[in-house]
Amino acid sequence: MLPQRLTAGYQSFLDGRFKTESKRYQELGESGQNPEIMLIGCVDSRVSPEVIFDAGPGEMLVVRNVANLVPKYETDPKASHHGTSAAIEFGVNGLKVKHIVVLGHASCGGVRAFHDHAEPLSQGDFISKWMAQIEPAAERIGPMTGDLKTDLKRLELAVVEESLNNLMTFPFVRRAVEEGRLQLHGAYFGVATGLLFSRNPKTGEFKACLGED
């Protein structure tokens, strides 16, 4: 049996959204998906892309992992980071998405674990091994200031930047971008404030999405 919360939520879905959008679900079931946007976000339960962007079924291809990281392109079949890479391959080559958005967020536990050199949560220490991928980003932004809030935000934004850079190491992503078939975007969500910031591709600065010049 599923947890009661899920059963109740599913009943609400059947009585509400599924009923009002049944035609849309039927079309998706028969013709397949064709999203234009792929979003790479964090597994954090507070940062649901479908909720933040009020997305309907079939609108976004969402990939979530700890700290919204995109690994560098790997050719070694024994490499360990192919889960997210496979999703990117599917989105770009299979579904021909037109946009990839990397969505970072405030209060990221994975980034905090990296910053604090946290003790392993299991013998495998999967989180630390995964978060080690942001070491180049941490080196790029330079020494920490000593102010925890400032340093964590700098790292969170650096992770978005690193993921965007790593996306361009995938030959098929770079080719699609250079041919104008694909655009890459960076964004950052404030959990407590609800504010969304988007990255200016020319300057690398993050500015509030609403009210920008």
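What follows is a short exchange on these topics.

Me: What kind of model is this, and how are residues numbered?
Reply: This is a predicted model, where local features need pLDDT of at least 70, side-chain atom pairs count only at pLDDT 80 or more, and totals for chains, interfaces and linings use all residues. Residues are numbered from 1 along each chain as its sequence is written, and side-chain values use heavy atoms, with hydrogens and water left out.

Me: In what order do the strands of the open sheet come?
Reply: The order is S2-S1-S3-S4-S5-S6, 6 strands with mixed pairing. Strands are DSSP runs of E, at least two residues, and helices are runs of H or I, at least four, numbered from the N terminus. Two strands pair if DSSP finds at least two bridges between them.

Me: Which are the edge strands?
Reply: S2 (60–65) and S6 (206–208), each of which pairs on one side only.

Me: How do S4 and S5 run?
Reply: S4 (residues 183–189) and S5 (residues 196–199) run antiparallel and are joined by 3 bridges. Phe-189 has Leu-196 in S5 as its bridge partner.

Me: Which strands does H5 lie across?
Reply: H5 lies across S1 (37–42), S2 and S3 (99–105), and runs at about 170° to S2. Angles run from 0 to 180 degrees between N-to-C directions, and axes are lines fitted to C-alpha atoms, for helices over the stretch in contact.

Me: And at what angle do H5 and H10 pack?
Reply: H5 (residues 82–94) and H10 (residues 171–178) pack at about 35°, with axes 10 Å apart. Ile-88, Glu-89, Val-92 and Asn-93 of H5 make the contact with Phe-172, Val-173 and Ala-176 of H10. Contact means heavy atoms within 4.5 Å.

Me: What about H6 and H9, what angle there?
Reply: About 115°, with the axes of H6 (residues 109–116) and H9 (residues 148–167) 10 Å apart. On the H6 side the contact residues are Val-111, Arg-112, Phe-114 and His-115; those of H9 include Leu-148 and Asp-151.

Me: Switching to cysteines: how many disulfides?
Reply: The count is 0, with a disulfide taken as a pair of cysteine sulfur atoms within 2.5 Å.

Me: Is Cys-42 buried or exposed?
Reply: Cys-42 is buried, at 6% relative accessibility. Cys-209 is partly exposed, at 31%. Buried means under 20% relative accessible area, exposed over 50%, and partly exposed in between, with a 1.4 Å probe and protein chains only.
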